[in-house]
Amino acid sequence: LDIFGAKKTPCEIASDIFRHLLADARDTYGCEISEAIVTVPVYFDGRARRDLRQAADAAGLYIKTFLHEPFAALIGYVHRQSSIDGLNRMVGQNVLVFDWGGGTLDITVGRVEEQKIVELATTGLADRAGDHFDQLLSNVGKRMFLDRHDLAPDQFMLKSTTKDRYR
């Protein structure tokens, strides 16, 4: 890839990003980080994980393990419970997580058990992704707005500076 006039491989670009994150953690928070747990989309196969591991290694970062993104969201949700009692009330429950990313809809089913969270199943749908869903939702909102204000579709024009806010 051509990045500002320099030819770089995707692995080199990922390594640069890891270096930047490590430097930012050191400079901003005074943290020296040498290992990490990295979240990945559900569709990341062995080759993609290997390439990501190589990029991290080149930046001086050891990847201990990978977590599917929706499972990481589940872990974050369970650990954000406001009290031990709140967390204990979840024990024995199955939790369904939808991750509406830009490229895929990733789905994970997890179970909260004593002292751990277990990933029961994970899958992804490439054609029902966040971008696709966002466009469908945008179309519904636009149609409702036009109907409410009795406007024709050609009367609904967004400036380029407002398109992101609209979405």
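This briefing covers the fold, the strand pairing, the surface patch and the salt bridges of one protein. The model is predicted. The protein has six helices and seven strands. Its radius of gyration is 21 Å, well over the 15 Å that the globule rule gives for 167 residues, so the protein is more spread out than a compact globule.

**Overall fold**

- Along the sequence, the elements follow the pattern β-β-α-β-α-β-α-α-β-β-β-α-α.
- The C-alpha trace spans about 60 × 55 × 35 Å along its principal axes.
- Of the 167 residues in the protein, 24% are buried.

**Strand pairing and crossover**

- Strand β3 covers residues 35–40, and strand β4 covers residues 62–68.
- β3 and β4 pair in the parallel sense, over six bridges.
- The chain gets from β3 to β4 by way of helix α2, residues 46–58.
- This β-α-β crossover is right-handed.
- T39 stands opposite L67, a residue of β4.

**Nonpolar surface patch**

- Five residues form a nonpolar patch on the surface: L96, F98, W100, F133 and L137.
- Together they have about 510 Å² of accessible area.
- Strand β5 (94–100) and helix α5 (130–148) each supply at least two residues of the patch.
- β5 gives the largest share, three residues.
- L96 is found in β5.

- G102 lies in the loop between β5 and β6, the latter spanning 105–113.
- G102 counts as partly exposed, because its relative accessibility is 43%, between the 20% limit for buried and the 50% limit for exposed.
- F133, a member of the nonpolar patch, is 31 residues from G102 along the chain.
- The C-alpha atoms of G102 and F133 are separated by 9.2 Å.

**Salt bridges**

- Side chains of opposite charge can pair when their charged atoms come close.
- The structure holds seven salt bridges.
- D2 forms a salt bridge with K7; their closest N and O atoms are 3.8 Å apart.
- K7 has a relative accessible area of 68%, over the 50% cut-off, so K7 is exposed.
- R26 and D27 meet through their side chains in a salt bridge, at 3.3 Å from N to O.
- R26 is partly exposed at 38% relative accessibility, whereas D27 is exposed at 60%.
- K116 forms a salt bridge with E113, with 4.0 Å between the closest N and O atoms.
- Both partners of this pair are partly exposed: K116 has 48% relative accessibility, and E113 has a relative accessible area of 30%.
- K8, D16 and R19 are linked in a network of salt bridges.

**Points to locate in the structure**

- For the nonpolar patch, look at β5 and α5, which each supply at least two of its residues.
- For the salt-bridge network, find K8, D16 and R19.
- For the salt bridge of R26, look at D27.

Methods. Residues numbered from 1 in each chain as written. Predicted model: local features only at pLDDT ≥ 70, side-chain atom pairs only at ≥ 80, totals over all residues. Heavy atoms only, no water. Pairing = 2+ DSSP bridges. Helix = DSSP H or I, 4+ residues; strand = E, 2+ residues; numbered from the N terminus. Right-handed = clockwise from strand over helix to strand, strands pointing away. Patch = residues over 30% accessible without salt bridge, like charges linked within 9 Å, V, L, I, M, F, W, Y side chains within 5 Å. Areas by Shrake-Rupley, 256 points an atom, 1.4 Å probe, with all protein chains shown as cover. Rg over C-alpha atoms; globule rule 2.2 N^0.38 Å. Buried < 20%, exposed > 50% of the residue type's maximum accessible area, 1.4 Å probe, protein only.
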